[in-house]
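Have a go yourself before reading on.

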Amino acid sequence: MKQPAGPGSTLSIVDAVVIVIGIVVGAGIFKTPSLVAASTGSESIFLLVWFAGGLATLIGALCYAELASAYPDAGGDYHFLTRAFGRGPGFLFAWARMTVIQTGSIAMLAFLVGDYLSQVRTLGAYSSSLYAAAVVIMLTAANIAGIRQGNGLQRLFTSAIVLGLLFIIAAGFSADPAAGAQPGAVLAENPAFGMAMIFVLLTYGGWNEAAYLSGEVRNPGRNMVRILLYSIMAITLLYLVTNFVLLKTLGLAAMADSEVVAADLMRSVLGENGALFISILIALTALSTMNGSIITGARTNYAVGRDLPRFSFLGQWQSKRGTPINALLLQAGIALLLIALGTGAHSGFVTMVEYTAPIFWLFFLLAGISLFILRRLDPGRPRPFRVPAYPLTPFLFCAICLYMLIASVLYTGSGALVGLAVLAAGLPLLWRKTPTNEGK
């Protein structure tokens with residue numbers, strides 16, 4: 001019997017690193033530095049939490065490197081969770097990713113693009129939502145055209161982001177320090193280190209998306225480790241230098257008071273044209289993150305359709321184009337529904353953050369636990385990479401995830417309850433006994 005078409009090994013290390021950097025280095029780096037500055041209260045702690053965020057991300061990446069190299073699959077976390085916990089939890093994750101995590105993130109970024117484009121040209125009362133819907137449709141169409149087109153678009157967006165950040169860094173180093181930029185300035189006696197880490201880890205978020213590319217990376221057993229490490233090292237360095245330049249140019253007090261810290265930096269150096277430039281760049285970063293999320297999100301939907309006959313329409317892979325078209329279409333449809341939901345809220349962007357955060361950290365925690373379980377259940381599995389300092393390293397990763405889960409519940413509003421309700425809506429689907437295609 002002829003096997004159905006599936007993903008091929010088409011992505012190089014550079015391709016995958018570009019996708020991961022494009023996902024992680026999004027609009028967050030232009031929004032969170034001011035929030036971190038207000039929470040830390042001193043320059044030394046401000047820079048320390050950005051370094052700590054990179055270290056925490058590296059710890060997680062080492063855990064994912066073992067999972068992704070030992071179990072390379074387009075399903076990523078879905079594949080790990082199914083092997084460790086069984087079909088039920090694996091399907092529940094896929095359901096959450098399909099309806100909350102990935103689609104909510106896509107809608108959140110689409111709202112961000114809409115907010116900034118509306119500053120350039122408004123489309124009326126629902127301008128942000130109209131722009132948001134348009135970019136979801138545009139990027140989905142580009143990826144339906146094929147992985148080459150989607151990957152090429154990702155290279156373009158990521159190049160624009162990195163070049164733009166380098167331009168900001170160069171402008172900041174060439175500028176004279178602001179009057180308020182006093183080295184060693186302290187704004188608060190008791191810095192809120194935990195709150196700062198929430199914003200920092202949000203800015204680093206998305207690196208785990210590399211796991212969803214493991215089924216398409218050449219020689220994943222060796223290259224997945226390199227992809228994760230190269231990506232995170234580059235991102236950490238970029239974030240540290242960017243924040244150092246912001247401190248040098250604006251000072252901690254001005255950063256803490258700013259809501260558009262990058263625009264304020266460019267305005268101080270190049271005037272209003274500089275502020276306009278950074279606004280366009282922020283829209284590009286959000287588009288980059290969206291495009292990478294669309295690429296990887298559809299792979300989970302494809303894996304569900306491959307494993308569960310009830311969702312077999314999602315498991316159809318277009319070999320000629322190298323992309324799962326039906327999975328992309330479903331993902332876009334759900335994202336558009338969430339955009340409609342966010343349109344009625346005070347802030348579509350904030351609503352989507354609340355909607356996704358608790359569910360994201362819940363399954364991130366389970367993915368960390370799965371490493372312990374799979375080591376015990378599958379000891380003979382070849383592991384091209386083993387996480388160092390086991391079991392301490394994965395234990396630290398799980399502790400970080402648990403902390404973030406608790407924080408995301410405590411610091412979010414009603415959107416979190418909607419997300420939890422949508423997750424619960426997937427439970428009845430588990431009650432029906434359905435055979436799987438796994439192992440066939």
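**Exercise 1.** Work out how much accessible surface the chain has, and what share of that surface belongs to carbon and sulfur atoms.

Solution. Run Shrake-Rupley with a 1.4 Å probe; for residues, only the protein chains shown count as cover. The chain comes out at about 17800 Å². Carbon and sulfur atoms own 66% of that surface.

Some ground rules: this is a predicted model, where local features need pLDDT of at least 70 and side-chain atom pairs count only at pLDDT 80 or more, while totals for chains, interfaces and linings use all residues. Numbering starts from 1 along each chain as its sequence is written, and side-chain values use heavy atoms, with hydrogens and water left out.

**Exercise 2.** Count the helices and strands, then find the buried share of the chain.

Solution. Next, call a residue buried under 20% relative accessible area, exposed over 50%, and partly exposed in between (1.4 Å probe, protein chains only). Of the 440 residues, 56% are buried.

**Exercise 3.** Describe how α3 and α14 pack.

Solution. First, the elements: α3 covers residues 43–70 and α14 covers residues 348–377. The angle is about 55 degrees, with the axes 10 Å apart. Under 35 degrees is roughly parallel, over 145 roughly antiparallel, 65 to 115 roughly perpendicular and the rest oblique, so α3 and α14 are oblique to each other. Now list contacts (heavy atoms within 4.5 Å): Cys63, Tyr64, Glu66 and Leu67 of α3 meet α14 residues including Phe364, Leu371 and Arg375.

**Exercise 4.** Is Thr393 buried or exposed, and which residues does Thr393 touch?

Solution. Locate Thr393 in helix α15, residues 392–410. Its relative accessible area is 8%, so Thr393 is buried. Skipping residues up to four places away in sequence, Thr393 touches Ile59, Leu62, Cys63, Val387 and Pro388.

**Exercise 5.** What is the relative accessible area of Leu229, and which residues is Leu229 in contact with?

Solution. Leu229 lies in helix α9, residues 220–250. At 24% relative accessible area, Leu229 is partly exposed. Leave aside neighbours within four places in sequence, and Leu229 is in contact with Leu58 and Leu62. Finally, check the C-alpha atoms: Leu229 and Ala61 are 168 residues apart along the chain, yet separated by 7.2 Å.

Conventions: Helix = DSSP H or I, 4+ residues; strand = E, 2+ residues; numbered from the N terminus. Axes fitted to C-alpha atoms, helices over the stretch in contact; angles between N-to-C directions.
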